[in-house]
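Subject: Structure for you to look at

Hello,

Here is the structure I said I would pass on. Please open it first, then read my notes below with the model on screen.

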Amino acid sequence: MHRQSTGYLFVLPALLVLGLLIAYPVAYTGLLSVTDNQGNYVGVENFARILGARATPTAFVNTLWWVFGSIVFQVILGVLAAILLNQNFRGRAIVRSVTLIPWVVPGIVAATTWAWMLHTEFGIINYMLTAPGIVPEPVGWLTNGSTVLPVMIAINIWKMFPFVAIMVLAGLQSIPNDLYEAARIDGASFWEEVWYVMLPQVRPVIIAVTLLLVIWALNHITIIYAITRGGPANRTLITPIQIFRTAFESVQFNQAAALSVMFFAVAIVVVFVYIRTLASNAGEAR
Amino acid sequence: MSTVVSAPAQLKRTGLPMPLIIIGSLLLVFVCLFPFWWMGLSSIKTLRELYTIPPIWWPTMPTLDNYQKVLFESNIPRYFLNSVVVSVGSTVLALILAIFASYGFARFNFRGKPILQSFVLVGQLLPTAAIIVPLFITLRVLGLVNTYWGLILVYMILTLPLSVWMLTSYFKAIPVELEEAAIIDGASRIGVLFRITLPLSVPGLVSVLVYAFVTTWNEFIFALCFATDSSVKTLPIGLAEFSTEFNTDWGAVMAASMVMTLPIAILFLSMQRLFVGGMTAGATKG
């Protein structure tokens, strides 16, 4: 019994801080979502209003594109980079360090630098594409409604694929050598090794990282917010940015809370799947 | 079994063909570094050279005017100081709380431990956009909007859960026998923690420190909401408003980006081995 209470004492301060900063605001969001400005109970009115807003379905569809577009390419590029970085070659350590840089730099720096590179008139990217004639005339990457979301997704891919690479690389390094030797005795080529040895072995890592990426894609809104704030004409508006703008630009705290509750419910499902998957993976491994 | 002995001679070491490795590495390095190369070049160009078509690859008369503007004629130095105070404050506070909590989770069994641990993990995965509104109201009630303490406290949401998670797995890997021996010799729990466990966990502590510092240094959305006064604004906010303040003077924006990236790049590259080791260990052991 003595041991028990000492354990509580150790974890208590951290839990108090997290309780104040997470549990209380979450509960308070629920309360805000069913009340009006004066705190009177209004039922589902806030939900009905925000769901009726024209921007809401747009933001929902954009969010799906943003999350899936980002993740598919982050995982593919990350795994390819990890396989490359797992090879033996001179200068590997340097290439490994360099690969991590996009992930470490501040999101806002990535946003401003890419915004400058994508500048319609003076941007280096338009120059690189027009000079050899790949595109006939400069593209307004950030002002054109059909290019702006893909461009945001591309920047996000650039920013986060190093994380996938480093995690998968760690997984590749922990594959026992026997497996490679067995494959080689069977005469496997390199690509057969990738397909039958490496990918199955790092599958749990890829699953864990993918779920983490889903959550981060919902969380990291810096790139979009800093470059376009959801514009032009809501073409890059995703739900977290809509929450933010509803609360702080339109000052509709209660509607923002209603949207938060729905957003939160979806996120909780993702988190739940994540924890379940992690638990079953740990079970398989042991 | 003689075939096994001669196996290394017969079995060709499979791997990517050298040309592919070289092309892949060059491509990877180019994609990861080019934006920073362009950022650095743009930061030492004169206004005329910035706005030239076709773009100039190497400035004919490199200038430090942009840096002078950023360092002496703007609020950036003040924001830099604010960023240092907030990042160091929240990193240290998170580390202290995480040390105790992780030790409690790693060394004690108490009722509700799995639930409390899940709560900590969920905190890490929570969509920040969903709790911005109630957090803002909470901070306003506490009188902490536009104060260092407000930001330091709020950043615990970002740093504390993962710190606890990483340190717990680190502490678990240290043999309990070492601590039991010390306790038999009459040491207190706290004495054991500080004299035996912590000195053995230095790599884990460093990776937690670097992680927490980088995260808080880069954070944008919370700072945007909770620090609106220039006496507490952090660098990311300064950079974002720089682009409008000077009607997007891209040379100055790029110089400010350099100023903001440099500390992170130095910190990260010097600690890289420890940091990546800690991250991947935490992720694969769960």
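This is a predicted model: local features need pLDDT of at least 70, side-chain atom pairs count only at pLDDT 80 or more; totals for chains, interfaces and linings use all residues.

Overall make-up of chain B

Chain B has 14 helices and zero strands. Read from the N terminus, its elements therefore run α-α-α-α-α-α-α-α-α-α-α-α-α-α. The chain has 286 residues, and 45% of them count as buried.

Where they touch, seven residues of domain 1 of chain B are in contact with six residues of domain 2 of chain B. On the domain 1 side, helix 2 (18–43) and helix 3 (47–50) of chain B each supply at least two residues. Helix 2 of chain B has the largest share of that side, with four residues. By class, the residues on the domain 1 side are three nonpolar, three polar and one charged.

Take helix 5 (residues 76–107) and helix 11 (residues 202–218) of chain B. Their axes are 9 Å apart and they pack at an angle of about 140°. Helix 5 and helix 11 of chain B are therefore oblique to each other. The crossing of helix 5 of chain B with helix 11 of chain B is right-handed. From helix 5 of chain B, the residues in this contact include Ser83(B), Val86(B), Ser87(B) and Ala98(B). On the helix 11 side, they include Val208(B), Ala212(B), Phe213(B) and Trp217(B). The contact of helix 5 with helix 11 of chain B has nine nonpolar residues, five polar residues and no charged ones.

How do helix 8 (residues 148–172) and helix 11 of chain B pack, in angle and distance between axes? The angle is about 165°, and the axes are 10 Å apart. That makes helix 8 of chain B roughly antiparallel to helix 11 of chain B. The crossing of helix 8 and helix 11 of chain B is right-handed. Among the residues of helix 8 of chain B that make the contact are Tyr155(B), Leu158(B), Met166(B) and Tyr170(B). Helix 11 of chain B contributes residues including Gly204(B), Val208(B), Tyr211(B) and Ala212(B). By class, this contact of helix 8 with helix 11 of chain B has nine nonpolar, six polar and no charged residues.

Where chain B meets chain A

In the contact between the chains, 81 residues of chain B touch 80 residues of chain A. Helix 14 (residues 250–285) of chain B gives the most to the chain B side, with 14 residues. The chain B side divides into 61 nonpolar residues, 19 polar residues and one charged residue.

One residue to look at here is Ala130(B), in the loop between helix 6 (113–125) and helix 7 (132–142) of chain B. Is Ala130(B) buried or exposed? Ala130(B) has 29 other C-beta atoms within 10 Å, and a residue with 20 or more counts as buried, so Ala130(B) is buried. Leaving aside neighbours within four places in sequence, Ala130(B) is in contact with Thr29(A), Ile243(A), Ser260(A), Phe263(A), Phe264(A) and Ala267(A). For a sense of distance, Ala130(B) and Ser188(B) are 58 residues apart in sequence and 43 Å apart in space, C-alpha to C-alpha.

Two loop residues in chain A

Ala233(A) is in the loop between helix 10 (222–227) and helix 11 (239–248) of chain A. Ala233(A) has a positive phi of about 50°, although it is not a glycine. With 10 C-beta neighbours inside 10 Å, Ala233(A) counts as exposed.

Val251(A) is in the loop between helix 11 and helix 12 (253–285) of chain A. The phi of Val251(A) is near 50°, which is a positive value in a residue other than glycine. Val251(A) is exposed, with 10 other C-beta atoms within 10 Å.

Regards

Technical notes: Residues are numbered from 1 along each chain as its sequence is written. Chains are lettered from A and ligands numbered from 1 in the order in which they are written. Two residues are in contact if their C-beta atoms, placed from the backbone, lie within 7 Å. Ala, Val, Leu, Ile, Met, Phe, Trp, Tyr, Cys and Pro count as nonpolar, Asp, Glu, Lys and Arg as charged, and the others, Gly among them, as polar. Axes are lines fitted to C-alpha atoms, for helices over the stretch in contact, and angles run from 0 to 180 degrees between N-to-C directions. Angles under 35 degrees count as roughly parallel, over 145 as roughly antiparallel, 65 to 115 as roughly perpendicular and the rest as oblique. A crossing is left-handed if the near helix is turned anticlockwise from the far one by less than a right angle, and right-handed if clockwise. A residue is buried if 20 or more other C-beta atoms lie within 10 Å of its own, exposed if 12 or fewer, and partly exposed in between; C-beta atoms are placed from the backbone.
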